[in-house]
Amino acid sequence: MTTARWPTSLTPFSCVFGRSRNPAVQAGSAAPFYYAPSRGGRPLWTADLSLNLTPSLMATFRQIIDSMDGMKTPYLIWDFANPYPTLDPSVRTTTARFWQNDGGSLFYWVGASSAIYTFSTPTVNYNSFAGSLAIAASYAAGISVITVSGFPVSAVAMMRGDLIEIDEHLYMLAQPAVADAGGIATMTLSDPLVTSINGTSVVKIIQPACKMRLNGVSWGTSRQWDGAIATASAKFIEVA
């Protein structure tokens, strides 16, 4: 069953996206030593969203939060502040503070008086081919180096720190990936694969997300009778 993606109508004005240490014990961490502290499992992705909500959006937000109570309904949530890989020309923007959806498939920066991110050589328009990316071989869970096909040939495909979604799991690149003459890029992931993947796996590099559950919500000052918006914030953590 495919997990629903967080609605773009609820794009936050602020998004803090990162990772948190998983307290689960990582197998095989102690042997063969007489004493060794147990290490936690792989870090889990976390997101902290802050939203300005009109009355109609507040109703939508309340319904989603209610459905996410506990573990009932996870959603696919991404880093709203960085929905594109580093080399996409969409990132090279004049003035910016956060991303806002244009009502379609594109995002743009709004809300600041001076440039925040500028790249001297943005070279890749990911919108032109992102939907055609595919895992180039079969890989078992635990593998950290994979190949992905469908990139422009003989060019830098993605940069260190860029994110890629594979079958609703999110991975970070540990080093730049360069596509060969056939458009296949070898990617070294910062953490090994959670599940096995193959050519039928779903790959996303625009708005790459992972399944998250609600980990806390707070409501801002109630909307005044003549006010246009209210505020709310919600915390999420990856479904391990």
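Buried, in these notes, means under 20% relative accessible area, with exposed over 50% and partly exposed in between (1.4 Å probe, protein chains only). I'm working from a predicted model, where local features need pLDDT of at least 70, side-chain atom pairs count only at pLDDT 80 or more, and totals for chains, interfaces and linings use all residues. Residues are numbered from 1 along each chain as its sequence is written, and side-chain values use heavy atoms, leaving out hydrogens and water.

**Entry: W78 and F80.** I looked up W78 and found it buried, at 0% relative accessible area. F80 is buried too, at 2%.

Entry: I then followed I77: beyond its neighbours within four places in sequence, its contacts (heavy atoms within 4.5 Å) include W6, F17, M212 and F236.

**Entry: rings.** I counted aromatic pairs (Phe, Tyr or six-membered Trp rings with centres within 6.5 Å; planes under 30 degrees apart are stacked, over 60 edge-to-face, the rest tilted). There are seven. W6 and F236 have ring centres 5.4 Å apart and planes at 70°, so I logged them as edge-to-face. Both residues are buried. W6 and F236 also belong to one aromatic cluster with F61 and Y75. W78 and F80 make a tilted pair, 4.5 Å centre to centre with 35° between the planes.
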